[in-house]
Amino acid sequence: MGVAVAGMDSLRDRAAMMRESLQKSQTITDKVVSILGSFDHRLSALETAMRPTQVRTHAIRKAHENIDKTLKAAEVILVQFDLSRQAEAKILKGPHEDLESYLEAIDQLRSNIRFFSSNKGFKSSDGVLNHANNLLAKAISKLEDEFRQLLSSYSKPVEPERLFECLPNSLRPSSGSPGHQGISGGKHASPTNHAENQSSNLETAVFTPPTLIPPRILPLLHDLAKQMVQAGHQQQLLNIYRDTRYVVLEESLLKLGVEKLSKEDVQKMQWEVLEAKIGNWIHFMRIAVKLLFAGEWKVCEQMFEGFDSLRDQCFAEVTASSVLVLLSFGDAISRSKRSPEKLFVLLDMYEIMRELHPEIIAIFKGRACTEIRESALGLTKRLAQTAQETFGDFEEAVEKDATKTAVTDGTVHPLTSYVINYVKFLFDYQSTLKQLFEEFDTGNETVSKLASVTMQIMQALQTNLDGKSKQYKDPALTHLFLMNNIHYMVRSVRRSEAKDLLGDDWVQRHRRIVQQHANQYKRIAWAKILQCLSVQGLTSSGGGSSVGGDGGSSSSSSSGVSRALVKERFKTFGMQFEELHQRQSQWTVPDTELRESLRLTVAEVLLPAYRSFVKRFGPLVENGKNSSRYIRFTAEDLERMLGEFFEGKTSNESRR
């Protein structure tokens with residue numbers, strides 16, 4: 001019980017203490033509220049007092065920011081001024097000492113101009129721009145001089161020997177040659193040369209254009225050209241390049257041997273001289289297009305990279321005069337008076353223009369080169385047309401050839417050998433003729449066209465030979481002449497490509513014609529003398545009885561044969577054979593095989609008949625006086641003398 005009372009007292013004491021604490025806390029709270037209220041009042045007053053200071057601080061901060069911006073802008077301008085001074089110093093020194101630094105300075109100067117042009121608010125920008133633009137103009141002027149001097153220093157004519165080194169071996173002039181490849185005595189002297197050149201040389205030939213400007217210089221020239229274009233000096237650049245390079249190109253061609261010939265000069269030339277110049281022209285065209293013009297194109301491509309229009313214009317203006325010189329000679333030939341001997345050089349010229357066509361199209365491209373391309377193509381077409389017309393003229397000229405000079409010995413006429421060689425040459429130009437026919441006869445098969453033309457030429461030759469054969473007074477010589485000439489035609493065709501076109505039928509038909517003329521010759525030339533060996537007319541009564549003579553009878557009456565007639569026959573035979581030998585040993589059969597064959601066929605008829613006649617009737621004469629006056633030849637003599645026929649001996653030789 002006492003414990004419980006004690007606990008209650010303790011609890012009351014604690015409650016009393018808590019009340020007392022709460023009262024103190026409330027008192028403190030009231031005081032804090034009072035203090036805080038007083039502090040709020042003071043803060044409000046302080047804020048009112050600090051507001052002007054805050055405004056000034058913000059203004060100062062903004063001023064500092066503006067100052068920083070101004071300083072930075074000034075620093076950029078000062079840097080531009082500094083770079084401009086550096087660029088000006090390099091430009092005033094000129095491009096000779098250090099061209100790359102000079103070009104960098106010009107780029108920097110352009111950058112400065114762009115900077116000040118975009119900052120017009122800068123007070124002195126107009127003055128700075130005027131100074132920079134004037135300095136840039138001076139820099140470009142010095143640049144032009146440097147471009148001209150550098151281009152001129154490294155632009156030298158190319159020596160012929162250096163050009164020949166760029167040619168494939170097969171097209172280089174032989175040692176000791178003046179450097180010109182003419183065709184007279186060359187290509188046309190051997191009908192195989194042309195085909196060999198076409199097939200083996202030109203198809204695999206490698207042409208290496210010469211280096212016209214050192215590779216280390218071209219990048220510098222390119223940079224100079226680029227600066228001039230950017231400065232708007234494109235026309236000045238074109239003028240400098242053209243005036244420098246076209247002279248060098250012309251001098252290179254002049255050293256090579258290219259001549260400026262007018263149409264009048266060409267027309268006055270002797271054919272032999274002109275033919276050689278045409279051969280040289282073909283050589284010059286190949287060198288000019290594949291080496292010099294190709295090399296010039298490479299220079300233009302590298303120097304004016306990125307400026308295609310300027311590149312094409314520069315190339316066209318540099319090469320135009322040289323191209324004109326070359327093409328004008330070809331044009332003069334194509335327009336000159338036509339003649340058969342010009343056909344092959346026309347075909348040669350047509351060939352080279354066709355060969356060079358891809359290169360001409362490749363390097364003379366662009367609008368600026370249109371006239372040059374069209375001129376080259378126009379020459380190709382004119383050469384084709386002139387060659388076609390000359391080809392047609394030849395057939396007519398062969399048929400109407402009126403040369404009065406006859407070959408007195410009946411051998412192959414010069415016209416025949418000329419025409420046959422002409423035809424053989426045509427087959428060396430088969431691919432060219434195919435292209436030629438395609439130019440005008442697109443609907444015809446070119447192979448059959450060539451065969452048709454060849455047959456027409458051959459027929460024209462035969463027609464002319466028929467006319468020429470009538471000039472001979474001796475009909476036997478007429479047939480010998482035709483036999484020789486047609487045999488020459490047949491033999492030549494059989495040994496050439498013409499056989500494939502004309503065919504075996506043509507060959508066999510004309511071989512029969514040769515045989516027919518040989519038979520006609522034998523019939524006409526030997527019929528009269530063979531009559532002397534006939535038994536007809538030997539009887540005393542003039543009858544035709546055949547009486548065997550055994551040589552045992554000494555009187556004509558016993559055998560029924562007139563000794564006088566036999567003597568006359570032997571005498572006449574001897575005189576006629578002597579005459580035939582004298583005349584026909586001067587005639588000519590140039591083909592060995594044909595000559596031996598003709599002699600043999602005569603001997604096969606003459607010798608047996610003579611031996612038989614001598615055997616039967618010789619004793620009638622031999623038993624009498626002066627028998628050698630009548631029987632002048634033995635069969636062996638005749639055989640030996642027949643071996644002298646058709647040798648083309650002079651009259652003095654045949655009498656020996």
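Visitor: Is Tyr418 buried, partly exposed or exposed?

Guide: Tyr418 is partly exposed, with a relative accessible area of 36%. Keep in mind that this is a predicted model.

Visitor: And Tyr422, buried or exposed?

Guide: Tyr422 is buried, at a relative accessible area of 2%.

Visitor: Where do Tyr418 and Tyr422 sit relative to each other in helix H13?

Guide: They are four residues apart in H13, which spans residues 414-428. That spacing puts about one helical turn between Tyr418 and Tyr422.

Visitor: How many aromatic pairs are there?

Guide: The count comes to 24 aromatic pairs. The rings of Tyr418 and Tyr422 have centres 5.8 Å apart and planes at 50 degrees, so this pair is tilted. Stacked would need planes under 30 degrees apart, and edge-to-face over 60.

Visitor: Which residues form an aromatic cluster?

Guide: Tyr521, Trp526, Phe573, Phe577, Trp587, Tyr610, Phe633, Phe645 and Phe646 form one cluster.

Visitor: Let's stay there. Which residues does Gln584 touch, leaving out those up to four places away in sequence?

Guide: Gln584 touches Tyr521, Ala525, Trp526, Phe645 and Phe646. Of these contacts, Tyr521, Trp526, Phe645 and Phe646 belong to the aromatic cluster.

Visitor: Where is Gln584 found? Buried or exposed?

Guide: Gln584 is in helix H19, residues 563-584. At 1% relative accessibility, Gln584 counts as buried.

Visitor: What about the backbone of Phe646, what is its phi?

Guide: Phe646 has a positive phi, about 65 degrees, although it is not a glycine. Phe646 lies in the loop between helix H21 (635-642) and helix H22 (651-655). Its side is settled too: Phe646 is buried, with a relative accessible area of 2%.

Visitor: Switching to helix packing. At what angle do H17 and H20 cross?

Guide: Roughly 25 degrees. H17 covers residues 498-531 and H20 covers residues 592-622. Their axes come within 11 Å. Angles under 35 degrees count as roughly parallel, and H17 and H20 are therefore roughly parallel to each other.

Visitor: Left-handed or right-handed crossing?

Guide: The crossing of H17 and H20 is right-handed.

Visitor: Which residues meet there?

Guide: From H17, Ala518, Tyr521, Lys522, Trp526 and Leu530. From H20, Leu598, Thr601, Val602, Val605, Leu606 and Ala609. Tyr521 and Trp526 turn up here as well as in the aromatic cluster.

Visitor: How do the axes of H10 and H12 cross?

Guide: The axes of H10 (residues 308-334) and H12 (residues 370-400) come within 10 Å and cross at roughly 10 degrees. That makes H10 roughly parallel to H12.

Visitor: Which residues of H10 and H12 meet?

Guide: H10 brings Ala316, Thr319, Ala320, Val323, Leu327, Gly330, Asp331 and Ser334. H12 brings Ile372, Ser375, Ala376, Leu379, Arg382, Leu383 and Thr386.

Visitor: At what angle do H6 and H7 pack?

Guide: About 140 degrees, with the axes 7 Å apart. H6 and H7 are therefore oblique to each other. The contact is made by Ala225, Met228 and Val229 of H6, with Gln234, Gln236, Leu237 and Ile240 of H7.

Visitor: Now loops. Where is Ile217 placed?

Guide: Ile217 is in the loop between helix H5 (191-202) and helix H6 (218-230). Ile217 is buried, with a relative accessible area of 3%.

Visitor: Which ring does the charged end of Lys290 sit over?

Guide: The ring of Phe207, at 4.7 Å from its centre.

Visitor: Last one, the whole chain. How many helices and strands?

Guide: The protein chain has 22 helices and zero strands. Buried residues make up 42% of its 656 residues. Among contacts between residues at least 6 apart in sequence, 82% join residues at least 24 apart.

Notes
Residues are numbered from 1 along each chain as its sequence is written. This is a predicted model: local features need pLDDT of at least 70, side-chain atom pairs count only at pLDDT 80 or more; totals for chains, interfaces and linings use all residues. Side-chain values use heavy atoms; hydrogens and water are left out. Rings of Phe, Tyr and Trp (its six-membered ring) pair if their centres lie within 6.5 Å; planes under 30 degrees apart count as stacked, over 60 as edge-to-face and the rest as tilted. Helices (H or I, at least four residues) and strands (E, at least two) are DSSP runs, numbered from the N terminus. Buried means under 20% relative accessible area, exposed over 50%, partly exposed in between (1.4 Å probe, protein chains only). A charge sits over a ring if NZ of Lys or CZ of Arg is within 6 Å of the ring centre and within 35 degrees of the ring normal. Axes are lines fitted to C-alpha atoms, for helices over the stretch in contact, and angles run from 0 to 180 degrees between N-to-C directions. Angles under 35 degrees count as roughly parallel, over 145 as roughly antiparallel, 65 to 115 as roughly perpendicular and the rest as oblique. A crossing is left-handed if the near helix is turned anticlockwise from the far one by less than a right angle, and right-handed if clockwise. Contact means heavy atoms within 4.5 Å.
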